[in-house]
Amino acid sequence: MEILIQLIFSGIALGMIYAVVAFGYQLTFATSGTLNFGQGEALMLGALVGLTCVDTLGINYWLMIPLVCIFGALQGSLVEVVGVRPAIKIKSEFGWIMSTIALGIIFKNVAENVWGRDDLRFPSPLPEEPFQFLGANILPMEVLVVVGALLMMLLVEWFNRKTIYGKAVVATSNDRDAAALMGINTGIVIMFSYALSSITAAFAGVLISPLTLTGATMGASLGLKAFAVAIIGGLSSGFGIIIGGLILGIAETTTGFYISTGYKDVPGLLLLLL
């Protein structure tokens, strides 16, 4: 029983990371009907930039987070301007798919050339000694992952509901043409949604990295699983995405332990097919 509790807690932490990245898919789909299929690479770049700030530049972990979020905003804006906006302008149904995939591949190649192909260890800002809860050993960093992921999503929801700029985002997501007629610059709103999407992914990257190894290849798998969560939970439901993330995270950890680590990626793909 203690092992099962342990697996559930680990799955919750993993699932919340999937949910944050999937939340980024939801942000862009709501405003433009498009998805950034390089979302996993945004997470990877955020993690590697954060590692450079902490390990090479000696910046405190907590001070590094705003810098990584700024980097994520710039990276997401670049994706929208270069890969998505031209496709929307010419009303290409699939141009943005190929563009975001191509940009993701480019970002991965850049990361391999800058940081190398080896996996790197990200130092943890919290003690690495686990504490006991209901018989399970839980790392403080796992608690931070869950709390940080929830706070990020709640902050975005608050922004959308309580600020004038957030209401412009909501208006654009409800009816882009009507929002434009009301004087809202929908092009800026779409670019902002891509920036915010990459911020959430970059933030997820620096949250999960102390629990895993960081490298140029970490984004592809996480991005695909987050897409599965977005489909399972629904691209219009924030609560559904959280539930989908928890289901996938717990399914992965239990599958990896009770069946085989070689099959831990199978639940996400099966759920996506279903």
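Ile-17 lies in helix 1; helices here are DSSP runs of H or I with at least four residues, numbered from the N terminus. This is a predicted model, where local features need pLDDT of at least 70, side-chain atom pairs count only at pLDDT 80 or more, and totals for chains, interfaces and linings use all residues. Residues are numbered from 1 along each chain as its sequence is written, and side-chain values use heavy atoms, with hydrogens and water left out.

**Ile-17**

- Ile-17 is buried, with a relative accessible area of 1% (buried means under 20%, exposed over 50% and partly exposed in between, with a 1.4 Å probe and protein chains only).
- Between Ile-17 and Phe-203 there are 186 residues in sequence, yet their C-alpha atoms are 9.5 Å apart in space.

**Aromatic rings**

- Rings of Phe, Tyr and Trp (its six-membered ring) pair if their centres lie within 6.5 Å; planes under 30 degrees apart are stacked, over 60 edge-to-face, and the rest tilted.
- By this rule there are six aromatic pairs.
- One of them joins Tyr-25 and Phe-227 edge-to-face, at 5.7 Å centre to centre and 70° between the planes.
- That pair links distant parts of the chain, with Tyr-25 in helix 1 (residues 2–32) and Phe-227 in helix 9 (residues 218–233), 202 residues apart.
- Both Tyr-25 and Phe-227 are buried.
- Tyr-61 and Trp-62 also pair edge-to-face, with 5.1 Å centre to centre and 85° between the planes.
- Tyr-61 is buried at 6% relative accessible area, while Trp-62, at 43%, counts as partly exposed.
- Tyr-25 and Phe-227 also belong to one aromatic cluster with Phe-37 and Trp-96.

**Nonpolar surface patch**

- Ile-3, Leu-4, Ile-8, Phe-257, Tyr-258, Ile-259, Tyr-263, Val-266, Leu-270 and Leu-273 form a nonpolar patch on the surface, with about 1,000 Å² of accessible area together.
- Helix 1, helix 10 (238–258) and helix 11 (266–273) each give two or more residues to the patch.
- Ile-8, in helix 1, counts as partly exposed at 31% relative accessibility.

**Helix 8**

- Helix 8 (residues 186–208) has 23 residues and should span 33 Å at 1.5 Å a residue, which agrees with the 33 Å between its end C-alpha atoms; the expected span is 1.5 Å times one less than the number of residues.
- Helix 8 is largely enclosed by the rest of the structure, because 19 of its 23 residues are buried.
- At the start of helix 8, a side-chain oxygen of Asn-185 comes within 3.2 Å of the backbone nitrogen of Gly-187.

Notes. Patches are made of residues with over 30% relative accessible area and no salt bridge: like charges are joined within 9 Å, nonpolar side chains (Val, Leu, Ile, Met, Phe, Trp, Tyr) within 5 Å. Accessible areas come from the Shrake-Rupley method with a 1.4 Å probe; for residues, only the protein chains shown count as cover. A salt bridge is a side-chain nitrogen of Lys or Arg within 4 Å of a carboxyl oxygen of Asp or Glu. A polar contact is a pair of N or O atoms within 3.5 Å; within protein, one must be able to donate a hydrogen and the other to accept it, and residues adjacent in sequence count only if both atoms are side-chain atoms.
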